[in-house]
Amino acid sequence: MQALMLAFIIRYWKNPRVSLCLVHALHCTMLGTGGLTLLLPASLGMAASAESLSEDEVKRATPNIVLLLFDDVGLSDLSPFGGEIDTPNIAGIAASGSIVTHFYSAARCSPTRAGMLSGRYPHDVGMADLANGPVFKTPFKAYQGQLPASLPLLSELLQAAGYETYMQGKWHLGNAAGMDTDTNPVLSANLRGFDHVYGFHGGQANPYPRSRHRHAYHYNGTPIEVWQGWYSVYGLNSMLLQQLTHQMQGDNDRPFFIYFSAQAAHSPQGAPQGLIAKYRKVYAEPLLSIWDKRLANMREKGLFPATASARHPKAKTPWAALTERAAMRAAMIEATDISFGLLLERLEQAGELDNTLIVVTSDNGASPGLGLGGVTNAPLRGVKGTLYEGGIRVPLIVSWPAGGIGDNSITRGVATFLDLMPTFLSAAGIDYPRRDIEGTPLQVLPGRNLLPMLRAGSITPPDFMYWNLYGQFAVLHGGRWKLLGNPVYDESAERADAEPLLLLFDLQSDPAEMREMGAKDPARVRQLFSRYKRWADQSGAVPYYKVIDAYDENRQRGRLN
């Protein structure tokens, strides 16, 4: 399907990234595939050739797309994956769609988000770490702390193809405190392909703002009005629904993309008192009993092998002291499900639900910050920020009844965060561009279009998948053999160029990573380590102590200035 040429011109003529292209007098091919070519010649004239479709034709032929991305939600938190947290609306999506058994993130907020929206490894787009301000911009190409201005994002390609684009919640891909948005305005979500942004720029925000006048929440960069008792999980969604309803009831009949970037369950947490009270009763039961129930539920649902072992997590804080934290966290997740349910209801009322491709997932496993990660990632080992399964394996639910994806099924196989962009583009009938905004050739996306495999009920694992985070690294071969390097980062050992600690796991028989297999299969260890080193060299991964030194130098420079 061809993109809407007119929509592209109208939107991108005002976009500062196109202005940048014009200033450099580039003769660029913006979307050089699928028959749509938009040229910006040095004369500043615009020429385009395409067999364009009317908006009505686009609407009938393409689905709406909704991506619900939770923050720090573990594999077994949501009720369709065996959790005790009430998420009936998400369960309804699972009932009309499919649960994917194995889905992998990049283990941290910004890297996963960058990968999902760009379709590329975080290292390839300068987001190997967080987008937390100028301290995180280093001389190393993989550690820039912001996305390249020339890189086409999912939101931009959908917008150019005629989609109305919405974002709600957390951005965390630029425009954090201290970033120079005057000289680089494309750090903001509303200038990266989103028509309507209701959210906040950074990595976290208080869901109950303490001040009516000083808070993080904005609409397209302009602070929004809040009041005492205003709750972001409900308030942002209400604003989005008002605009979406206006679109669906008005003359604007374009398909829409909604990036529902939830705050739950990242800190600082907050939720209505009634929901918190509800979960105080739930977690009056010992948390390790909750862990046992989650494991049993996952086994019953076929999401964890009956023959595989798992081990109770250890806690630095007594479990009994964590009840209030667990209640607050669960309440915030249920509140998000309530908000999401209002969106689903609105789509159903408008007759749009069946032809909406909905994806529900999380940016990484549960955080260790609350002391609950071992329970909320049950039955996996590890937490957010680690490359054990508990840090990278997250829930995935996909539904698109009109597209042949549905029927309360379980899709077995392995998919990754890199697969989402090719899947969304395929559903929308959009070819990935051959060149970026500056005319530089773009490599083929590393992910796969999951739609045929979802319809078939089985996802072929990628041949190899790679991770590198905070001095840790991992490579997964065929969805089964996983080599984990430096699972506990030792900076002094890395500075001394010591050999890395290498652990080998067979995830097919041991998904909880309890039995290290390297001693029995040293040849496989060598093979996987060699593959990882080749990828690391190509991706720009560097020894993490060098990144730490660059951060320290940036902090020192900031103090001196």
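Residues are numbered from 1 along each chain as its sequence is written. In this predicted model, local features need pLDDT of at least 70 and side-chain atom pairs count only at pLDDT 80 or more, while totals for chains, interfaces and linings use all residues; side-chain values use heavy atoms, with hydrogens and water left out.

Strands, of at least two residues (E), and helices, of at least four (H or I), are DSSP runs numbered from the N terminus. Two strands pair if DSSP finds at least two bridges between them. Strands of a sheet pair through backbone hydrogen bonds, either parallel or antiparallel.

Strand S17 (residues 481-485) is joined to S16 (residues 472-477) by five bridges. Five bridges also join S17 to S18. Both pairs run antiparallel. Trp 481 in S17 is the bridge partner of His 477. Val 475 stands opposite Leu 483. On the S18 side, Gly 485 stands opposite Leu 502. The hairpin of S16 and S17 has three residues between the strands, and Gly 478 takes a positive phi near 65° there.

Five of the five residues of S17 are buried, so this strand is largely enclosed by the rest of the structure. Buried means under 20% relative accessible area, exposed over 50%, and partly exposed in between (1.4 Å probe, protein chains only). In a regular strand the side chains alternate between the two faces of the sheet. Trp 481, Leu 483 and Gly 485 point one way from S17, and Lys 482 and Leu 484 point the other way.

Side chains of opposite charge can pair when their charged atoms come close. A search of the whole structure finds 22 salt bridges, each a side-chain nitrogen of Lys or Arg within 4 Å of a carboxyl oxygen of Asp or Glu. One of them joins Asp 71 to Lys 170, with the closest N and O atoms 2.6 Å apart. This pair links distant parts of the chain, 99 residues apart. Asp 71 lies in the loop between strand S4 (64-70) and helix H4 (88-95), and Lys 170 in strand S6 (residues 164-170). Both residues are buried.

Glu 156 forms another salt bridge, with Arg 192, at 3.1 Å between the closest N and O atoms. Here the partners are 36 residues apart: Glu 156 in helix H6 (residues 154-160), Arg 192 in the loop between S6 and strand S7 (196-200). Glu 156 counts as buried because its relative accessibility is 1%. Arg 192 is buried, also with a relative accessible area of 1%.

Arg 495 and Glu 491 form a salt bridge with closest N and O atoms 2.9 Å apart. They are four residues apart in helix H15 (residues 491-495), and so are separated by about one helical turn. Arg 495 is partly exposed, at 38% relative accessible area. Glu 491 is partly exposed too, at 29%. Elsewhere, salt bridges that share partners join Asp 71, Arg 113, Lys 170 and Asp 363 into one network.
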